[in-house]
Amino acid sequence: MVEYRIDRRSGVATYVQIVQQTKQALRLGVLEPGDKLPTAREVVEATAINPNTVLKAYRELEREGLVEARRGLGTFVRRSLGAAPADHTALRSKLTAWLDEARKEGLEREDISALFAAVLDEKCPEGEQ
């Protein structure tokens with residue numbers, strides 16, 4: 001099950017963070033078709049956000065065809081995102097080693113994020129598959 005982490009300092013709307021984290025879980029295979037999302041109450045208890053915010057995020061995911069609400073049962077994943085789930089253990093290990101090296105070089109989280117985003121934009125421009 002996915003556990004949402006809300007960053008109140010990010011400048012990103014809370015409901016958007018829930019949508020983004022759900023999509024990430026779908027891409028990584030953490031969530032698969034048929035899986036149940038946490039109830040709004042569970043998300044509220046874990047994150048101390050307004051239940052309407054959770055419902056707004058779930059409606060957005062439903063509008064995109066990723067989940068479906070089943071009255072009295074909850075909200076369930078309809079489809080996954082990206083390619084079929086694969087074992088990314090080797091890539092994750094390399095990325096972890098790279099992050100460790102970046103931290104040893106004195107880079108902070110924001111520096112690492114900016115560097116990664118710059119390389120990602122250079123190597124994988126938006127709109128390109």
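**Close-up views of a predicted single-chain model**

Helices (H or I, at least four residues) and strands (E, at least two) are DSSP runs numbered from the N terminus. The model is predicted: local features need pLDDT of at least 70 and side-chain atom pairs count only at pLDDT 80 or more, whereas totals for chains, interfaces and linings use all residues. Residues are numbered from 1 along each chain as its sequence is written, and side-chain values use heavy atoms, with hydrogens and water left out.

Figure 1. Five helices and two strands form the secondary structure of the chain, in the sequence order α-α-α-β-β-α-α. The UniProt record, an unreviewed entry, assigns "domain: HTH gntR-type" to residues 12–80; UniProt positions follow the numbering used here, feature names are shortened, and annotations may be inferred rather than shown by experiment. The C-alpha trace spans about 50 × 35 × 25 Å along its principal axes. Of the 129 residues in the chain, 23% are buried (buried, under 20% relative accessible area; exposed, over 50%; partly exposed, in between; 1.4 Å probe, protein chains only). Among contacts in the chain with a separation of 6 or more, 51% join residues 24 or more positions apart, a contact being heavy atoms within 4.5 Å.

**Figure 2. Surface and charge of the chain.** The accessible surface comes to about 9600 Å², and carbon and sulfur atoms contribute 50% of this area. Accessible areas come from the Shrake-Rupley method with a 1.4 Å probe, and for residues only the protein chains shown count as cover. The chain carries 20 positive and 21 negative charges, whose mean positions are 7 Å apart. Lys and Arg count as positive and Asp and Glu as negative, while His and the chain ends are not counted; each charge is placed at NZ of Lys, CZ of Arg, CG of Asp or CD of Glu.

**Figure 3. The salt bridge between E64 and K23.** The whole structure contains three salt bridges, each defined by a side-chain nitrogen of Lys or Arg within 4 Å of a carboxyl oxygen of Asp or Glu. In this view the side chains of E64 and K23 meet with an N to O distance of 2.7 Å. E64 lies in the loop between α3 (51–63) and β1 (67–70), and K23 in helix α1 (residues 14–27), so the pair ties together parts that are 41 residues apart in sequence. E64 is partly exposed at 25% relative accessible area, and K23 is likewise partly exposed, at 24%.

**Figure 4. The salt bridge between R63 and E60 in helix α3.** A salt bridge joins the side chains of R63 and E60 at 2.7 Å, N to O. The two residues are three positions apart in helix α3, and are therefore separated by about one helical turn. R63 is exposed, with a relative accessibility of 61%, whereas E60 is partly exposed at 21%. The C-alpha atom of E60 is 9.0 Å from that of V16, although these residues are 44 apart along the chain.

**Figure 5. The salt bridge between E68 and R70.** The closest N and O atoms of this pair are 3.1 Å apart. E68 is partly exposed at 29% relative accessible area, and R70 is partly exposed at 32%.

**Figure 6. A48 in the loop between α2 and α3.** Helix α2 covers residues 40–47, and A48 lies in the loop that links it to α3. Most residues other than glycine have a negative phi. A48 is not a glycine, yet its phi is positive, about 60°. At 62% relative accessibility, A48 is exposed.

**Figure 7. Surroundings of R79.** R79 occupies the loop between β2 (74–77) and α4 and is partly exposed at 39% relative accessibility. Beyond its neighbours within four places in sequence, R79 contacts L26, P33, E64, G65 and L66. R79 and Y4, 75 residues apart in sequence, have C-alpha atoms 19 Å apart.

**Figure 8. A90 in helix α4.** Helix α4 covers residues 89–104 and includes A90. A90 is exposed, its relative accessible area being 53%.
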